[in-house]
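Visitor: I have a chain open here and would like to go through it. Can you take my questions as they come?
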Amino acid sequence: MPFLSEQQVECFAKVLHMRYMQVHSMCKPPPGLPNEWDDLPEHIRQANRNQADEFIKHIEYLGLTFSLENNSKNTIEQLTDEQIEIIAARIHSIWATSKIEASCDDDKIFISYNDLPEQEKDKDRVIAKNIVPMLREIGIKIKD
């Protein structure tokens, strides 16, 4: 795993929040969630930082490598459709697990990714599709 400085994690987390707000503005915005990073509660900022760490693990799961070099060869601009689907399922699984762990309601049951309606899957796909471009924004390139 590449070493990400606190500054890189923070930058990546901010990009994640910005993209999250963009995705949700296409449907129904989350009620009460501030648009600006500095206005977010600390636990939401930390959740974005944790997600940044998870995205690095997603890329590694696919067997891809990282480069911080500007002149890296064989870097990819985007994940394949198959890779996007794999990562989207992982994103949903992590989200569902976090909700189960945070819930006191044991009766709450979450739907598996494969059983989600396409509209819900699309939310996870958009995030997965944007992982490589978001990493590039903070200077990390992905190699196959």
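Visitor: What pattern does the chain follow, read along the sequence?
Guide: The order is α-α-β-β-α-α-α-β, with five helices and three strands in the chain. Keep in mind that this is a predicted model.

Visitor: What percentage of the residues count as buried?
Guide: Of the 144 residues, 38% are buried.

Visitor: And how much of the contacts in the chain comes from residues 24 or more positions apart?
Guide: Such pairs make up 70% of the contacts with a separation of 6 or more.

Visitor: Helix 2 next. What is its reach from first C-alpha to last?
Guide: Helix 2 reaches 29 Å over its 20 residues, close to the 28 Å expected at 1.5 Å a residue.

Visitor: Which residues of helix 2 are buried?
Guide: Arg45, Asn48, Arg49, Ala52, Phe55, Ile56, His58 and Ile59. They cover an arc of only 165° around the axis, so they are on the same side of helix 2.

Visitor: Why would residues three or four places apart point the same way?
Guide: Because an α-helix has 3.6 residues a turn.

Visitor: What is exposed on the other side of helix 2?
Guide: His43 and Tyr61 are exposed there. Tyr61 also has a charge over its ring: the charged end of Arg90 sits 4.1 Å from the ring centre.

Visitor: Where does Ala47 fall, buried or exposed or in between?
Guide: Ala47, also in helix 2, is partly exposed, because its relative accessible area is 41%.

Visitor: What happens with phi just after helix 2?
Guide: Gly63 takes a positive phi there, of about 80°.

Visitor: Switching to Gln83. Where is it, and is it buried or exposed?
Guide: Gln83 is in helix 3, which covers residues 81-102. Gln83 counts as buried because its relative accessibility is 17%, and the cut-off for buried is under 20%.

Visitor: What does Gln83 touch, leaving out residues up to four places away in sequence?
Guide: Leu62 and Leu64.

Visitor: And which backbone nitrogen lies 2.8 Å from a polar atom of the Gln83 side chain?
Guide: The one of Thr80.

Visitor: What about Ile100, how accessible is that one?
Guide: Ile100 is in helix 3 too. At 48% relative accessibility, Ile100 counts as partly exposed.

Visitor: How far is the C-alpha of Ile100 from that of Phe110?
Guide: They are separated by 8.1 Å, with the two residues ten apart along the chain.

Visitor: On to helix 4. How does the span between its end C-alpha atoms compare with what it should be?
Guide: Helix 4 has twelve residues, 118-129, and at 1.5 Å a residue should span 16 Å; the end C-alpha atoms are 15 Å apart, which agrees.

Visitor: Which of its residues are buried?
Guide: In helix 4 these are Lys121, Asp124, Arg125, Ile127 and Ala128. Seen down the axis, the buried residues of helix 4 fall within an arc of 160°, so they line one face.

Visitor: Lys121 is on that list. Which ring does its charged end sit over?
Guide: The ring of Tyr113, at 5.3 Å from the centre.

Visitor: Last one: how many aromatic pairs does the structure hold?
Guide: One.

Terms used:
Residues are numbered from 1 along each chain as its sequence is written. Side-chain values use heavy atoms; hydrogens and water are left out. Helices (H or I, at least four residues) and strands (E, at least two) are DSSP runs, numbered from the N terminus. Buried means under 20% relative accessible area, exposed over 50%, partly exposed in between (1.4 Å probe, protein chains only). A polar contact is a pair of N or O atoms within 3.5 Å; within protein, one must be able to donate a hydrogen and the other to accept it, and residues adjacent in sequence count only if both atoms are side-chain atoms. Contact means heavy atoms within 4.5 Å. Rings of Phe, Tyr and Trp (its six-membered ring) pair if their centres lie within 6.5 Å; planes under 30 degrees apart count as stacked, over 60 as edge-to-face and the rest as tilted. A charge sits over a ring if NZ of Lys or CZ of Arg is within 6 Å of the ring centre and within 35 degrees of the ring normal. The expected span of a helix is 1.5 Å times one less than its number of residues. The arc is that of the directions from the helix axis to the C-beta atoms.
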